[in-house]
Amino acid sequence: MLPRGIIPLIGLRPVSLGIRPSFVCSSQRRELASAEVLPQLTKDRYPHVKRGEYAKLDQHHLGFFKDLLGPDRVITDPSDCEGFNVDWIRNVRGYSQCVLKPKTTEEVSKILSFCNDNRVAVCPQGGNTGLVGGSVPVFDEVVLWTGLMNNVMSIDETSGALVCQAGCILEHLDNQLAEKNLMMPLDLGAKGSCHIGGNVSTNAGGLRLLRYGNLHGTVLGVEAVKADGEIIDCLSTLKKDNTGYHLKHLFIGSEGTLGIITKIAIQCPPKPKAVNLAFLGLKSFENVLKILKKAKKDLGEILSSCEMIDESSLESVTENLKLKSPLSIHPFYMLVETHGSNKEHDEEKMNKFLEDVMEEGLALDGTTTNEPSKMKAIWDLRESITEGLMKDGYAFKYDISLPTKHFYSLVPVLRERVGDIAQRVCGYGHVGDGNIHLNVTTRKFSQEMLDKIEPFVFEYTSKLRGSVSAEHGIGFKKTKYVHFSKSKESIALMKKLKAMMDPNGILNPYKVLPC
Ligand code: FAD
Ligand code: 2HG
Ligand code: ZN
């Protein structure tokens, strides 16, 4: 058996990996957003989108909000509103003059009831880490921020059911669960900022969906407030409940267009006793697929994650963020992780898997570790790519599901298509789930580049029967392209549901549904 700790396979250079703190917290991020160059206002960049016939904020509205929440939880100072108007990747910018900070479901209910009666448009916002422009206003919608709704109601150590308010930060929940040897069933690079309500509203996928499944499976129940202020209590903690329509699913992934999620019950698995992580360097995408197949077969029930990074994506973190990779340069990299309950057994399995992979020449180089700090340093390389790409300037982001054999095919095609006008065309992501993150970066936003990429990328995806949004949602930026993945009849039914649940269209207008 190979020794424990960081195990050099071949070609490993003994570099020490710097540990990064988790994703910047909300307050730091809001300062960052204002300190850096602001993007163009959405209304100017996308002039074809017209403001709906909503009320303009006036003293009557502000008076009601202040009476309900008190002056400290109604933000109107333009510089304090700024961070809530700009998304984290600085792609879109609204000009809301009012941010509301409720603490309870009842407050959310009263806000929505008033807004519905007065036709005031509302943009729900959690950690504002969404990548499709859904979390910030397009025009002057009032922002309803969930950050003060951050109480954990209960953790059932036997069933694993956690019940909490929507504004709890994902990483905080995970830390609390760890004390009870449980963990959140989802993990993503934005964990230090994103809220569980935002995760559920986007049906976020993340790094371990392969093992723990998606939120439609793990969310046991939700409490949500409809546009008219009615509270819908589906906060069941039961694993089995077939009493009628499964209403919770309407709120999961509807990106704040059908209701505001206020509480969540979620099934949390036990924290694994043994974790192993391998980081591999490969010469071809063909070998990525071979390793994926082998990992599923040989690591079986302990496989918890299988991620791919191409050379250019890794370069965005090693060059732009100065993170250190323990491997030399290769065209492709993979992270293969196991979660299990038996240290010796899991290590033996992982080591045998790696020996085979090296012997068969599928990987050229690699390293494996079970030391938490070293695993974190390797995960940092993967989780920091979004941030690394932003340092190039502007990132055009495509979050696509494709049949696994076509997973990487769009990257070379797009490289050829956009030529030298791009800083970088790269692909990385959740290869175990067939979900690639294709990114094209430029110094700044360019309409010429946008026209070269869209609708081409979506047409290509649709021809291969892929999905134009695997996990990030539709938000503001992809509404024109929903039809590439949904039939005419499905879109018509979605519109009818929206009209029934939010007849005045006050909830997150201009998002998800095509005009
Ligand atoms: P926000 O960005 O604030 O909002 C997202 C959407 O949900 C908006 O439409 C908003 O109106 C709505 N919303 C928010 N809260 C509520 C609520 N309580 N009720 C109703 N609607 C609400 N996504 C993945 O799927 N997988 C990943 O691996 C992943 N990695 C990421 C890594 C980085 C570095 C970053 C910046 C983002 C990543 N994302 C990923 C995207 C994003 O983090 C997720 O979509 C996340 O779930 C959004 O949560 P949030 O609290 O920031 O929501
Ligand atoms: C990830 O998996 C996220 O890292 C972000 O979904 C993807 O920035 C992106 O394109
Ligand atoms: Zn992702």
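Student: What volume of space lies in the largest cavity?
Tutor: In this predicted model, about 910 Å³ of space lies in the largest cavity. A cavity is a set of points on a 1 Å grid over the protein atoms alone where a 1.4 Å probe fits but cannot get out, and the volume is the space filled by probe spheres set on those points, joined across faces, edges and corners.
Student: How many residues line the largest cavity, and which lie nearest its centre?
Tutor: The lining has 50 residues, with Thr-129, Gly-130, Leu-131, Leu-188 and Thr-202 nearest the centre, where a lining residue has an atom within 4 Å of a point.
Student: Which helix or strand gives the largest share?
Tutor: H7 does, with five residues; helices (H or I, at least four residues) and strands (E, at least two) are DSSP runs numbered from the N terminus.
Student: Changing topic, how many residues of domain 3 and domain 4 are in contact?
Tutor: Domain 3 (152-267) and domain 4 (392-501), whose bounds come from an automatic or database domain assignment, touch through 15 residues of domain 3 and 11 residues of domain 4, contact meaning heavy atoms within 4.5 Å.
Student: And how many salt bridges are between them?
Tutor: The count is zero, a salt bridge being a side-chain nitrogen of Lys or Arg within 4 Å of a carboxyl oxygen of Asp or Glu.

Methods:
Residues numbered from 1 in each chain as written. Chains lettered and ligands numbered in written order. Predicted model: local features only at pLDDT ≥ 70, side-chain atom pairs only at ≥ 80, totals over all residues. Heavy atoms only, no water. 1 Å grid on protein atoms, 1.4 Å probe; cavity = no way out; pocket = protein on both sides within 12 Å on 5 of 7 lines; lining within 4 Å.
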